[in-house]
Amino acid sequence: CGKLSNVTVPGSVTSIGNYAFNSCTGLTSVTIGNEVTSIGEKAFSGCTGLTSVTSHIPADALFVVNTNVFNGVDKNSCTLSVPYGAKETYAAKSGWSAFANIVELIPENALHGTCGAHATWILIDGVLTIKGRGGIESRPWIDYAGEIQSIIIEDGITSICNNAFRECSALTSVVIGNGVTSIGGYAFRECIGLTSIEIPNS
């Protein structure tokens, strides 16, 4: 399989056997479908050219793989892409955690962008999540304010700008991370449906 460069395991496949792609040195990318429930020993061992592994296995179905599955793969340069919200699960699961660069895939139906020098936002199915570090400096989600039902501000964020979530009329709950030390004026003005908000001691 020396000339094989890309492998896609479709959603209909549930198992990848032992030594399935062992020593396929020309392989550069692998995509694993969301229905896979087991990966056999040394399935990708010796795939020294591998630079990208994309796994669609959801966090609640993720399983441990033998540490020899990716033997010979440079896990410092090979990127592991995982479903959105699953990064921490993969980083804690044996066999997957060895990858130094784990990134989350952005769902096709998501709205996303930046809202600060080092802060990003993503809106999926009514949930607005803000992560990164530093302050929320703008509100680029304003055109979708009526779609936002809950807000999660992760711990790296330190401040919320004025009017950040103003007129989010469908908003019912907010969780503010422990890093936030200041909340700007009118940040939640006219959020008429808001019934729950968690504010840190900071």
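Modeller: A residue counts as buried here when its relative accessible area is under 20%. Phe165 has 0%, so Phe165 is buried. Bear in mind that the model is predicted.

Colleague: And Phe188, buried or exposed?

Modeller: Buried, because its relative accessibility is 19% and the cut-off is 20%.

Colleague: How many aromatic pairs are there in the whole structure?

Modeller: Nine. One of them joins Phe70 and Trp96, with ring centres 5.9 Å apart and planes at 55°, so that pair is tilted.

Colleague: Where do those two sit?

Modeller: Phe70 is in the loop between β5 and β6, and Trp96 in the loop between α1 and β7, so the pair ties together parts 26 residues apart in sequence. Phe70 is buried at 1% relative accessible area, and Trp96 is buried at 0%.

Colleague: What about Phe165 and Phe188 as a pair?

Modeller: They are stacked, 5.3 Å centre to centre with 25° between the planes. Phe165 lies in the loop between β13 and β14, and Phe188 in the loop between β15 and β16, 23 residues apart.

Colleague: Which residues do ring pairs link into a cluster?

Modeller: Phe21, Phe44, Phe63, Phe70, Tyr90, Trp96 and Phe99.

Colleague: Switching to strands. Which face of β1 is covered?

Modeller: The one with Val7 and Val9; Asn6 and Thr8 are on the uncovered face. In a regular strand the side chains alternate between the two faces of the sheet.

Colleague: What does β1 pair with?

Modeller: β3, in parallel, through four bridges. Val7 stands opposite Val30 there.

Technical notes:
Residues are numbered from 1 along each chain as its sequence is written. This is a predicted model: local features need pLDDT of at least 70, side-chain atom pairs count only at pLDDT 80 or more; totals for chains, interfaces and linings use all residues. Side-chain values use heavy atoms; hydrogens and water are left out. Buried means under 20% relative accessible area, exposed over 50%, partly exposed in between (1.4 Å probe, protein chains only). Two strands pair if DSSP finds at least two bridges between them. Rings of Phe, Tyr and Trp (its six-membered ring) pair if their centres lie within 6.5 Å; planes under 30 degrees apart count as stacked, over 60 as edge-to-face and the rest as tilted.
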